[in-house]
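Take a walk through this protein with the model in view.

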Amino acid sequence: SDKLVHSSATIVAKYGYTVEKNDDVQPSQFEARNLKFNPILRKGDGNSINSETMRQRAKEMKGNLGLVDGENLRIQMNNSKKEFEHLQCKYIVLPGTLLRRSGGGLHVAYLYWLGDSWEFVFRWLGVGWGGCGLFACSE
């Protein structure tokens, strides 16, 4: 069932992650249709940016959503699939919650279209972030 969860820890537990302490943004209130989906890359970035730059840019662009916001966004987008189908070849980064995998590596979640629904996928912070990435921005 798609019931909104109010805890990042609850969301990621089933994926084998834990929330890194003191690095989880507070949830916000929004309607997905009112968000602006802005590219993470800027002119001159080349093919990708590193994770530190990506996370800083998310804050600057007011696109620093965490996992609870990501769950809210996932539910809204899955309930209005037609409205968001133009984003299906993109991924929406959720850099506001840092996650740790059991092996020790830090990750962030993103939303990705998996054929019939938007779902969470997780990415190690040691890799670059490329041209298909978007931030869901409040402004």
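K62 counts as partly exposed, because its relative accessibility is 40%, and partly exposed lies between the cut-offs of under 20% for buried and over 50% for exposed. Keep in mind that this is a predicted model. Find K62 in the loop between helix 2 and helix 3, the latter being residues 67–79. Now look at its backbone. K62 is not a glycine, yet its phi is positive, at about 55 degrees. Most residues other than glycine have a negative phi. So where does this residue sit relative to helix 2? K62 follows that helix.

Which residues does K62 touch, leaving aside its neighbours within four places in sequence? The contacts are A136, C137, S138 and E139. K36 is 26 residues away from K62 in sequence, and their C-alpha atoms are 9.9 Å apart in space.

From C-alpha to C-alpha, E139 and N34 are 8.9 Å apart, although 105 residues separate them in sequence. N34 belongs to the loop between strand 1 (17–24) and strand 2 (36–39). Is N34 buried or exposed? N34 counts as exposed, because its relative accessibility is 55%.

Step back to helix 2, which covers residues 51–60. Its buried residues are S51, M54, R55, R57 and A58. Viewed down the helix axis, these buried residues fall within an arc of 160 degrees, so they line one face of helix 2. Look next at the start of this helix. There, N50 has a side-chain oxygen within 3.2 Å of the backbone nitrogen of E52.

Now turn to the strands. Strand 4 runs from residue 91 to residue 101. Of its 11 residues, 9 are buried, so strand 4 is largely enclosed by the rest of the structure. What pairs with strand 4? One partner is strand 5, which runs antiparallel to strand 4 and is joined to it by 6 bridges. Another partner is strand 8, residues 133–137, which runs parallel to strand 4 and is joined to it by 2 bridges.

I92 shows both pairings. In strand 8, L134 stands opposite I92. In strand 5, the bridge partner of I92 is L111.

Strand 5 covers residues 106–113. This strand is mostly covered too, with 6 of its 8 residues buried. Strand 4 and strand 5 form a hairpin with 4 residues between the strands. In this hairpin, G104 has a positive phi near 110 degrees.

Follow the chain into strand 6, residues 118–124. Strand 5 and strand 6 are antiparallel and share 7 bridges.

Finally, take in the whole protein. How many helices and strands does it have? There are 3 helices and 8 strands. Along the sequence they follow the pattern α-β-β-β-α-α-β-β-β-β-β. The C-alpha trace spans about 40 × 35 × 25 Å along its principal axes. Does the radius of gyration agree or disagree with that of a compact globule? For 139 residues, such a globule would have a radius of gyration near 14 Å; the protein has 14 Å, so the two agree.

Buried residues make up 44% of the 139 residues. The protein exposes about 7500 Å², and carbon and sulfur atoms supply 48% of that area. One last value concerns contacts along the chain. Take the contacts between residues at least 6 apart in sequence: 70% of them join residues at least 24 apart.

Conventions
Residues numbered from 1 in each chain as written. Predicted model: local features only at pLDDT ≥ 70, side-chain atom pairs only at ≥ 80, totals over all residues. Heavy atoms only, no water. Buried < 20%, exposed > 50% of the residue type's maximum accessible area, 1.4 Å probe, protein only. Pairing = 2+ DSSP bridges. Arc of directions from axis to C-beta. Polar contact = N/O pair within 3.5 Å; in protein donor to acceptor, adjacent residues only side chain to side chain. Rg over C-alpha atoms; globule rule 2.2 N^0.38 Å. Contact = heavy atoms within 4.5 Å. Areas by Shrake-Rupley, 256 points an atom, 1.4 Å probe, with all protein chains shown as cover.
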